[in-house]
There are 4 protein chains.
Amino acid sequence: MTKNMVLSAAQWTKYFQTTKCFEKALQKVKVITVENGTAQAELKVEEEHTNVMGGLHGGLSATLVDCISSYALLSDKNGGTASVSVDLHTTYLKGAKIGDEILIDAKTIRAGKTLAFLEVLIKNKATGDLLVKGSHTKYILRS
Amino acid sequence: MTKNMVLSAAQWTKYFQTTKCFEKALQKVKVITVENGTAQAELKVEEEHTNVMGGLHGGLSATLVDCISSYALLSDKNGGTASVSVDLHTTYLKGAKIGDEILIDAKTIRAGKTLAFLEVLIKNKATGDLLVKGSHTKYILRS
Amino acid sequence: MTKNMVLSAAQWTKYFQTTKCFEKALQKVKVITVENGTAQAELKVEEEHTNVMGGLHGGLSATLVDCISSYALLSDKNGGTASVSVDLHTTYLKGAKIGDEILIDAKTIRAGKTLAFLEVLIKNKATGDLLVKGSHTKYILRS
Amino acid sequence: MTKNMVLSAAQWTKYFQTTKCFEKALQKVKVITVENGTAQAELKVEEEHTNVMGGLHGGLSATLVDCISSYALLSDKNGGTASVSVDLHTTYLKGAKIGDEILIDAKTIRAGKTLAFLEVLIKNKATGDLLVKGSHTKYILRS
């Protein structure tokens with residue numbers, strides 16, 4: 001993240017739609033809220049989000065865990081202005097298919113002086129079923 | 001993976017270029033070898049592979065770990081014809097920037113009756129530095 | 001776990017005190033509840049639970065994540081009668097020292113046909129601070 | 001680890017036998033070498049190392065990953081004199097039973113200014129089979 005990149009939910013959504021960076025893979029993701037170390041987003045699964053079996057792609061899920069938790073952290077009072085990933089762990093509990101709507105819910109568990117611990121739950125919006133559980137450890141770059 | 005999707009390296013590379021699935025994020029990845037439970041690929045980092053700080057995106061790295069190890073598994077004699085992710089763990093040791101060439105090296109550590117354990121190393125091609133270390137646990141769907 | 005080893009909280013506590021197996025490392029752990037896929041336990045940290053710096057040992061924390069979540073699973077209606085670990089991931093957020101009382105809170109996130117996903121939170125009883133966050137993936141042995 | 005706790009292999013083995021800390025769970029572990037960021041140890045599995053199914057206990061394996069990699073790090077030229085765990089990830093590929101001899105092989109993958117990345121492989125000594133694969137991320141305390 002560049003310095004002071006504390007964007008609003010609407011600005012993150014806009015960013016996905018216009019960036020030439022890897023986050024363009026999230027161009028159909030809508031960020032709902034980003035505040036106080038938390039962030040929520042949603043996505044309707046389309047073909048571009050799936051693997052060849054027609055299920056939500058594990059790489060996209062990992063990307064969602066990475067990005068949405070990073071935005072959550074940026075909004076935390078102790079989150080710093082930039083951070084880099086150290087460990088990312090994603091557990092896949094259930095699949096999702098084209099047409100399913102998913103919710104991505106990220107929160108800062110702890111932001112210390114140099115390390116931050118984030119958690120992300122990805123759920124099926126209609127059923128509430130937990131699909132993916134992510135843990136993200138980041139190193140905060142203090143300027 | 002769909003049944004019997006045992007593609008050659010050239011076919012995987014072609015697949016990335018033509019698919020409408022999430023793997024189109026890998027359209028500039030070149031798969032070098034896929035055989036006996038291993039797979040190697042390479043990529044020259046461009047803007048589309050980076051985060052806003054200009055570094056190789058952690059979500060792309062996770063996607064590479066997920067996908068390249070899955071192709072490695074498909075080529076294993078005990079790898080089955082389809083599998084789903086259970087756990088994906090990615091550790092980020094060093095960054096890469098635009099212009100860097102990276103190597104992705106995946107291998108099957110063990111493919112048992114129902115579970116497979118894969119490992120992926122992403123290295124800087126020029127320096128040999130280890131950038132990302134990934135572990136991937138999959139559940140093999142036996143038909 | 002051996003077949004039908006569905007013990008009560010008091011029986012697990014007793015087991016720790018009398019076993020010759022590795023769980024004797026937990027002989028001062030008190031299991032409070034085990035029911036419906038959840039388990040809670042507590043421990044007052046003594047020298048035998050620490051590393052040479054006098055802090056709660058990371059290996060003990062991992063053992064607590066492993067064991068207490070396994071007992072939680074055994075009490076789940078879909079937990080089966082035996083299971084083996086596949087992946088264990090422990091994130092260390094904060095330390096604990098001799099004299100601190102800790103709470104170990106485990107729950108079954110999902111128990112499917114063959115795989116179970118467990119989560120464990122270890123907290124400081126007095127402050128409520130989260131110390132350790134654990135994820136445990138198990139393979140259920142169906143007889 | 002306390003400052004300057006750079007012990008030799010024999011001294012670590014002795015430490016396990018005499019400590020009142022949690023490492024006494026490793027009192028039958030023999031450390032073979034500790035040098036240049038690596039460490040090797042071995043253990044003959046006895047009842048005290050097992051779960052109720054008679055297999056090598058997952059908590060002990062995690063403890064071995066934690067400890068042996070920490071000693072490896074202490075012997076690294078860039079390993080510092082003390083460090084704390086951030087993330088510990090253990091993947092269980094195969095079991096071991098009473099009477100089996102196991103080898104624990106730890107190495108420092110990278111020790112940077114503040115973070116260190118360690119890897120541990122636990123193998124069956126007789127067959128060479130990989131039993132456990134561990135990743136350990138530590139935060140180095142620079143004085």
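Hi everyone. A quick definition before we start: helices here are DSSP runs of H or I with at least four residues, and strands are runs of E with at least two. Keep in mind, too, that this is a predicted model.

With that in hand, let's look at chain A. UniProt, in an unreviewed entry, places the feature "domain: Thioesterase" at residues 53-126 of chain A. That span is 23% helix and 42% strand, and its end C-alpha atoms lie 21 Å apart.

Now, how do chains B and A meet? Each of them brings 36 residues to the contact, and about 2,900 Å² is buried between them, with carbon and sulfur atoms giving 63% of that area. On the chain B side, Phe22(B), Val52(B) and Met53(B) lose the most area to chain A, together 23% of what that side buries. Helix H2 (58-74) and strand S3 (83-92) of chain B each give two or more residues to the side touching chain A, and S3(B) gives the most, with 10 residues.

Over to chains C and D. Here 12 strands form an open antiparallel sheet, running from S1(C) through S3(C) and S3(D) to S1(D). Strand S1 (30-35) of chain C and strand S1 (30-35) of chain D stand at the edges with a single partner strand each, so one side of each has no neighbour in the sheet. From one strand to the next, the twist averages 15°.

One pairing to zoom in on: S4 (residues 101-111) and S5 (residues 115-124) of chain C pair antiparallel over 9 bridges, and Ile104(C) stands opposite Ile122(C) in S5(C). Thanks, everyone!

Methods: Residues numbered from 1 in each chain as written. Chains lettered and ligands numbered in written order. Predicted model: local features only at pLDDT ≥ 70, side-chain atom pairs only at ≥ 80, totals over all residues. Heavy atoms only, no water. Pairing = 2+ DSSP bridges. Axes fitted to C-alpha atoms, helices over the stretch in contact; angles between N-to-C directions. UniProt positions renumbered as here; feature names shortened; annotations may be inferred. Contact = heavy atoms within 4.5 Å. Buried area = accessible area lost by both parts, 1.4 Å probe.
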